[in-house]
Structure formats: C-alpha cells, structure tokens
Amino acid sequence: MTTGQFNLVVLGKQGAGKGTQSQRLCEKYSLAHISTGDILRAAVQAGTALGVEVKSVLDSGGLVSDDLVNKLVEDRFKRDDAKRGGVLDGFPRNIGQAEALDDILGANALKLCLYIELPNELVMQRLSSRRVCQECGTTYKDTDPAAISGTCEVCGGDVVQRSDDKPEAIQKRLDIFERDTAPLLSFYEKKGILETVDGDQSVDTVANAINAVLAARGLV
Ligand code: AMP
C-alpha cells in the first residue's frame, strides 16, 4: 500500500448512519466503500459458499470470525477502485481486526477514525423501523411508501426488514458493540486519529460535521 492513500474508518453502533455517511464520503472523494456487512449479505443472497457458511451467524446478529473478515478486507483493498483508498464501514469491530487492518494498510495509511455517536434508545427506535432494499441497499423507514408497498423506489427491488433488525438481534449487536467494538475508541484516540460526531441529527447535518472535521484536520 502507498502512504498517499486516504483511508478512514467509520465507527458507530448499528443504525447510527455509518452506511449512509460512508457512501457519501466515497462519492465525494472517489474512495472505495468497504462494508464487510454488505459483502457478507451479498454473499448470502447470491448463495455462494461463503454465504452459506455465514448465513446463520448474520441472521442471529452474531459476528463472523476475524480471519474470515480480515481476508475479505485484504482482498477488497486489492481491487482497482481502492487505489486512492477506502472508507471502512463495519470493520474493524474489535482490537484484533484493528491490528489486522494496520498490517493490511501499512504504516500511517489510516488517516482518521470517525465515530458517529448515538444512544442505545435511539438505535432501538431507528433499527426497528428500518427497512432495506435487498437489491441496492437503499434504506427506508417503515412508514415510507416504498416500505409499505415493499418495492424500492430506486431499483424496483424488494424492500424488507433485515433479519438482524429484529429486537433480540439488535440487543445482541448492542452488547457486542459495548464489549468488543467500544474499546476501539481508546485504541484510535491513543493514535491521535479519533473524531466524534453527533449522530442524532439529520443526514445532511452529520455529513457537514464530518466534512468540517476532515477540513480541520487538513485531510481535504
Ligand atoms: P453490518 O451491516 O455492519 O451491521 O454487518 C452485518 C453482519 O455482518 C454483522 O452482524 C456480522 O454478523 C457480520 N459482520 C460485518 N462486519 C463484520 C466484522 N467486521 N466482523 C465480524 N462480523 C461482521
């Protein structure tokens, strides 16, 4: 990896807006969107060997093995669209994965960790009303017309509730976040690359706050 790359990690509980903000950052700065959750869900939907292996773990809200996701991320960085760098969404999820990411990227290639903060009550509210297009990943609220009709406005795909957005799975993922992922905040703080943004604001306001952070750090 070259050190001229722009790589950043977006951390947050599920439903904090990581996916939406990561997508925006990738479009704005021509970076690869590296979402391990999206890669795994696509594999499940396509019924590949990987998908068959991980389906039950994903459905329950548990985590797949570090070795498996580390390899997925390493391979993803070899693709052409990641030459300028990538926005990591949903990875790393624990200290072991963060150390693996350092090895994958090499010295200094990670410029920033953005933490989109959201209290647990709001996570519960947002996720239990979240619906998602199985084809293109566009998200809706349960009261949106596309969620009611079950048909995506963008691509015509099926709009459904993710199996891990059911209450028991949401709580399980929150517990895992607290136990395994929250320690990453001090891991990145010690490296001097952690910035926190309030996730309880509109999508545009959060995006503006993120851009202000990038500018203040001289990254854009
Ligand atoms: P996400 O869309 O990021 O919430 O990911 C959906 C599911 O994919 C998670 O609940 C895990 O089962 C799995 N997954 C995604 N990223 C990781 C990761 N970095 N480590 C382990 N499992 C992951």
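## Close-up views of a predicted model

View 1. Most peptide bonds are trans. P92 is also among the residues that Y188 touches, a set shown in the view of Y188 below.

**View 2. A positive phi at S30.** In the loop between α1 (18-29) and β2, S30 has a positive phi of about 50° although it is not a glycine. Most residues other than glycine have a negative phi.

**View 3. The largest nonpolar core.** This core holds 32 residues, of which V9, L40, F77, L88, L101 and Y188 touch the most other members. The elements that give two or more residues to the core are β1 (7-11), β2 (32-35), α3 (49-60), α4 (66-77), α5 (95-105), β4 (110-117) and α9 (183-190), and α4 gives the most, with five residues. Apart from this core lies another, of 23 residues, among them I116, V123, L174 and L214.

**View 4. L88 and its contacts.** L88 lies in strand β3 and is buried, with a relative accessible area of 0%. Leaving aside the neighbours within four places in sequence, L88 is in contact with L8, V9, V10, I34, V73, F77 and L101; V9, F77 and L101 are, together with L88, among the residues that touch the most other members of the largest nonpolar core. The C-alpha atoms of L88 and A146, which stand 58 residues apart along the chain, are separated by 28 Å.

**View 5. Y188 and its contacts.** When residues up to four places away in sequence are not counted, Y188 touches V9, P92, A98, L101, L110, C113, I193 and L194. Y188, V9 and L101 are among the residues that touch the most other members of the largest nonpolar core.

**View 6. The crossing of helices α2 and α4.** The axes of helix α2 (residues 36-46) and α4 come within 11 Å and cross at roughly 100°, which makes α2 roughly perpendicular to α4, because angles from 65 to 115 degrees fall in that class. Where the two helices meet, T36, I39 and L40 in α2 are in contact with L68, V69, L72, V73 and R76 in α4.

View 7. The structure holds 14 salt bridges, and two of them are shown here. Side chains of opposite charge can pair when their charged atoms come close. In one of these pairs the side chains of D81 and R76 meet at 2.8 Å, N to O; R76 is buried, with a relative accessible area of 9%, whereas D81 is partly exposed, with a relative accessible area of 38%. In the other, D102 forms a salt bridge with K191, the closest N and O atoms being 3.0 Å apart. This second pair links distant parts of the chain, with D102 in helix α5 and K191 in the loop between α9 and β8 (194-198), 89 residues apart. D102 is partly exposed, with a relative accessible area of 24%, and K191 also counts as partly exposed, at 43% relative accessibility.

View 8. D165 is buried, and so is R130. Salt bridges that share partners join R130, R162, D164, D165 and R173 into one network.

**View 9. The open sheet of β6, β5 and β7.** Three strands form an open sheet in the order β6-β5-β7, and the pairing is antiparallel. Because β6 (139-141) and β7 (159-160) stand at the edges, each with a single partner strand, one side of each is left without a neighbour in the sheet. Strand β5 (residues 130-133) and β7 pair in the antiparallel sense over two bridges, and C133 stands opposite V159 in β7.

Terms used. Residues are numbered from 1 along each chain as its sequence is written. This is a predicted model: local features need pLDDT of at least 70, side-chain atom pairs count only at pLDDT 80 or more; totals for chains, interfaces and linings use all residues. Side-chain values use heavy atoms; hydrogens and water are left out. A nonpolar core is a set of buried Ala, Val, Leu, Ile, Met, Phe, Trp, Tyr and Cys residues joined through side-chain atoms within 4.5 Å. Buried means under 20% relative accessible area, exposed over 50%, partly exposed in between (1.4 Å probe, protein chains only). Helices (H or I, at least four residues) and strands (E, at least two) are DSSP runs, numbered from the N terminus. Contact means heavy atoms within 4.5 Å. Two strands pair if DSSP finds at least two bridges between them. A salt bridge is a side-chain nitrogen of Lys or Arg within 4 Å of a carboxyl oxygen of Asp or Glu. Axes are lines fitted to C-alpha atoms, for helices over the stretch in contact, and angles run from 0 to 180 degrees between N-to-C directions. Angles under 35 degrees count as roughly parallel, over 145 as roughly antiparallel, 65 to 115 as roughly perpendicular and the rest as oblique.
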